[in-house]
Amino acid sequence: MVHYASADAETISSAVSYACLAPSVHNIQPWSWRLRRGELSLYVDRRRSIPIEDPSGRQLFISCGAALHHLRVALEHNLLEPIVATLPDHTDPDLLASITFRGRAEPIGSSAALFSTLERRRTDRRPFDPPRAGALTGLAVNAREFEASMTVIVRRYGAMLDKASRIAAQEHRSDTAYWNELEAWTTPDGAESGVPLGALPDALSSHEDVSARAFPSGHLKIQRGARDNAALVLLSTASDTPKDWLNAGQALSSVLLHATASHLATCPLTHLTEVEASREIVRDVACRSGETFQNPQIMIRIGLSSHSADTASGQVQLGATEPVVSGRRTVEEVLTVVP
Ligand SMILES: Cc1cc2nc3c(=O)[nH]c(=O)nc-3n(C[C@H](O)[C@H](O)[C@H](O)COP(=O)(O)O)c2cc1C
């Protein structure tokens, strides 16, 4: 029997700490939460924006959307059904969602099974082996739940994506302000935000190709000559509003967590969608790959981690290392509980 419950602050605070494990662009964690009288509010924290790379705030919203979906998974694991109103107040565009709670007797759908992936999922910038045939088919439904569409990019259009990548790399390379911003969010291992050096390929391993944003050189060693055979999928939306970005973020989280549950390695990518000329090519490639939504939001590299396959078979790749886990701000820093 369904009953209505007011969730206690401790349970909500625990769910928020799981929400904060969500991926965010450069691990900026641009969210802040407020719990007042049984209602949780999610705000975008614009003090943590990256205005050169993301002037519209699209990637900020996608990141917050991912946190919102992580929150859903954590709440549903605790038999709390979130009632979510996105962008509920047109006078306050930074209020992204208001969440109230309804107690349940039974777990909801697959969300409970996803709970264990919240702590396991991470961005892996090493090359992947291709996913097994059919492994991606089921993931599209996870995007559709949030009004986004997932398309597997047809490899035949690789040359077009190479061109998109060259355009984006050229624009980024010549932009000192972009590099300063990126370097500011590249942080030592153990820092509470930013991308840790131990999660970034070192100078010998990093490569400027379609599947990688060029970051400052890190400490992650990748076997020389390793080829990336990952699949590339794209999340698109019908329009390009803050609500779409929030939805794309929820779809991103759902696809990433379901992929993790299927033992697939993942890496979100936005270098091709943040430069308008390369985004246009991505739109064209997506359309040729069967996509009908016109607004590319974020790509995801998905595949099998050849490193863990080797470890499982007892052979460790020479020179390869595990990426360092990126840090997070504490729940006390991001959640205000109003008595
Ligand atoms: C909107 C968004 C854009 C991202 N863009 C990139 C990207 O272009 N390249 C990349 O390597 N990682 C990208 N990431 C992954 C983040 O860098 C990563 O989530 C963050 O550093 C936290 O690490 P984690 O995912 O391992 O928890 C992106 C993530 C999000 C949510």
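## A tour of the ligand site and a cavity

Start by selecting proline 268: one of its backbone N or O atoms lies 3.2 Å from a nitrogen atom of the ligand, a polar contact (a pair of N or O atoms within 3.5 Å). You are looking at a predicted model, where local features need pLDDT of at least 70, side-chain atom pairs count only at pLDDT 80 or more, and totals for chains, interfaces and linings use all residues. Residues are numbered from 1 along each chain as its sequence is written, and side-chain values use heavy atoms, with hydrogens and water left out.

Next, pick threonine 123, which places a polar side-chain atom 2.6 Å from a ligand oxygen atom. At serine 24, a backbone N or O atom is 3.4 Å from an oxygen atom of the ligand.

Now show the whole shell: 24 residues surround the ligand, and the closest are Arg121, Thr123, Arg125, Thr270 and Arg328 (a residue counts if one of its heavy atoms lies within 4 Å). Colour the shell by class and you get 10 nonpolar, 9 polar and 5 charged residues.

How much of the ligand's accessible area does the protein cover? The protein covers 97% of the 620 Å² that the ligand has on its own (Shrake-Rupley method, 1.4 Å probe).

For the last stop, select Ile153, Val154, Arg155, Tyr157, Gly158, Leu161 and Leu232, the lining of the largest cavity (on a 1 Å grid, points where a 1.4 Å probe fits but cannot get out; lining residues have an atom within 4 Å of a point). This cavity has a volume of about 40 Å³, the space filled by probe spheres set on the points. Its lining divides into 5 nonpolar, 1 polar and 1 charged.

Terms used
On a 1 Å grid over the protein atoms alone, a cavity is a set of points where a 1.4 Å probe fits but cannot get out, and a pocket is an open set with protein on both sides within 12 Å along at least five of seven lines; lining residues have an atom within 4 Å of a point. Ala, Val, Leu, Ile, Met, Phe, Trp, Tyr, Cys and Pro count as nonpolar, Asp, Glu, Lys and Arg as charged, and the others, Gly among them, as polar. A polar contact is a pair of N or O atoms within 3.5 Å; within protein, one must be able to donate a hydrogen and the other to accept it, and residues adjacent in sequence count only if both atoms are side-chain atoms.
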